[in-house]
Amino acid sequence: MSINVAKPIVMFLMIWTSFSPVKVNAQAVQSTPLNCGDIIESELLGDQYYQDYVLRVQAGTKLDLTVTPIGSGFNPFIFVLDAGGSEIVRSNKAAASESEEFLEYPISSSNATLRVLGAAPTLIDELTWARAIDFTNGDGRVVPAVGSYFGAYSISFGCTLRDGTVIEPGDYPVENISSSGGLTLAAAPVFSGTGFPGLGPVDFANAFKLPLSLGASMPGSIPPTGDAILGLTFDASAGDTFALDFARTAGNLNLGVVILSANNEVVFQASLVTSESLSTRLTLPSTGQYTIGVFRIDLLPPAAPEATQFQVTGTLNP
C-alpha cells in the first residue's frame, strides 16, 4: 500500500472514532435514572468524557427532551441509545451555548439511554467529517471533536405517553408508568392523628438495577423530582448474614431503603429523615437474589429539594 493511500485511511479512522457515541475512551460511569417531568442539572468534569441517563419510559412514548448549556462555551452533543447500546438518534444542530433537543420524538426502545458529551465549541453535526480533522491543540496533534470538552448543563424531560397523557418538565411526579404507557398515581396516605403517618407503597417494577459489589462502597443518586428507584442486587443463601451500611453523602432528600427477597418479602426497611447514616446486620431467610432498593420518601420533606447522593456498602457473612 502506498503512503498516499494509507494516510487518508488513517485520517478517516481517527475522525470516525471521535464521532462514535459508544467508542469514547472514557472511564465507565454510572447511569442516572431520568423520569418524565424531571428537570436536573449536571456537569461534565475532566474525569469523565460523557454522562448517561436511563430514560424510564416505554417504547412509543414521545420525548420532549432539551439539554441546555449553563453559561457560555459548552457545546452539548447528545445521543439516544437503545436498550442494547446502539445509536437511535443524535443531535448537535447548534454550536456552543445553544440547546440541543428532541421534540415529539417517538422513542422505539424502552429504557433507552441519553448520552451527553461535549463537542468542540464550533462543531455542528452538519459539518463534514473532513472539517472535523481541523480541531488540533496547536501543535498539530488531533484533538477528538467529541468527548474532550467539558461544562455544565441542564436537562428538561417531558413526555407524551401512548394514551395521550402529557407530562411537562416540572410536572408532579408519577409513581409508575405502566407497560401500556398509562399513568398510575400513588394515593397519598391520609392521616390526621398524632403519630407515624406511614409510607405509601413503592413499585420496584421500573427500578434501575445494578449488581451490588459486595464489600465495596457503591455510590448512587436520587433526583429531587420523579419516582427514581435504584436497585442493587446480590445472591445469597438461606441463613447467610448480611451487613448493610447506608449513608447520605450530599443533598437533602429523605431516603428510604428496603431489602427484598426473591419472593418479594421485605426483610429490612429503614429511612434516613434527619439522620445521615445507618448500619444493620440481619439473617437472610431464603436462597435467591435479593434487591436493595433506595428511593425518595416524603416524611418531613425539605422546602428546597436537592439531588441527593448516597453510598451503599453490603457485606455477606462478615
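**Entry 1: Ser286**

I looked up the contacts of Ser286, where contact means heavy atoms within 4.5 Å. Leaving aside residues up to four places away in sequence, Ser286 touches Ala236, Ser237, Ala238, Ser261, Asn263 and Glu265. The model is a predicted one, in which local features need pLDDT of at least 70, side-chain atom pairs count only at pLDDT 80 or more, and totals for chains, interfaces and linings use all residues. Residues are numbered from 1 along each chain as its sequence is written, and side-chain values use heavy atoms, with hydrogens and water left out.

I then placed Ser286 in the loop between strand 19 (277–283) and strand 20 (288–297). Strands (E, at least two residues) are DSSP runs, numbered from the N terminus. Ser286 counts as buried at 15% relative accessibility; buried means under 20% relative accessible area, exposed over 50% and partly exposed in between, with a 1.4 Å probe and protein chains only.

**Entry 2: The disulfide**

I searched for disulfides, that is, pairs of cysteine sulfur atoms within 2.5 Å, and the structure holds 1. The bond joins Cys36 to Cys159, with an S to S distance of 2.0 Å. The link of Cys36 and Cys159 is left-handed, with -85° about the S-S bond. Cys36 lies in the loop between strand 1 (32–34) and strand 2 (39–44) and Cys159 in strand 9 (residues 151–160), so the pair ties together parts that are 123 residues apart in sequence. I noted Cys36 as buried, with a relative accessible area of 4%, and Cys159 as buried at 1%.

**Entry 3: Aromatic rings**

I listed 7 aromatic pairs in the structure. Rings of Phe, Tyr and Trp (its six-membered ring) pair if their centres lie within 6.5 Å; planes under 30 degrees apart count as stacked, over 60 as edge-to-face and the rest as tilted. The pair of Phe74 and Tyr153 is stacked because the ring centres are 6.2 Å apart and the planes are at 20°. Phe74 sits in the loop between strand 4 (62–69) and strand 5 (75–81) and Tyr153 in strand 9, 79 residues apart, and the pair links distant parts of the chain. Both Phe74 and Tyr153 are buried.

I found a further stacked pair in Phe234 and Phe242, at 4.3 Å centre to centre and 10° between the planes. Phe234 is buried at 3% relative accessibility, and Phe242 is buried at 0%. Phe234, Phe242 and Tyr290 form one aromatic cluster.

I also checked Arg115, whose charged end sits over the ring of Tyr50, 4.1 Å from its centre. A charge sits over a ring if NZ of Lys or CZ of Arg is within 6 Å of the ring centre and within 35 degrees of the ring normal.

I looked up an open sheet of 5 strands, which has the order 13-15-20-17-18 and mixed pairing. Strand 13 (208–211) and strand 18 (266–272) stand at the edges with a single partner strand each, so one side of each is left without a neighbour in the sheet. Two strands pair if DSSP finds at least two bridges between them. Strand 17 (residues 254–260) pairs with strand 20 in the antiparallel sense over 7 bridges, and Val257 stands opposite Val294 in strand 20.

I recorded that strand 14 (residues 217–222) and strand 21 (residues 308–316) pair in the antiparallel sense over 6 bridges. The bridge partner of Pro219 in strand 21 is Gln311. Strand 14 has a covered face of Met218, Gly220 and Ile222 and an uncovered one of Ser217, Pro219 and Ser221.

Note on methods:
Helix = DSSP H or I, 4+ residues; strand = E, 2+ residues; numbered from the N terminus.
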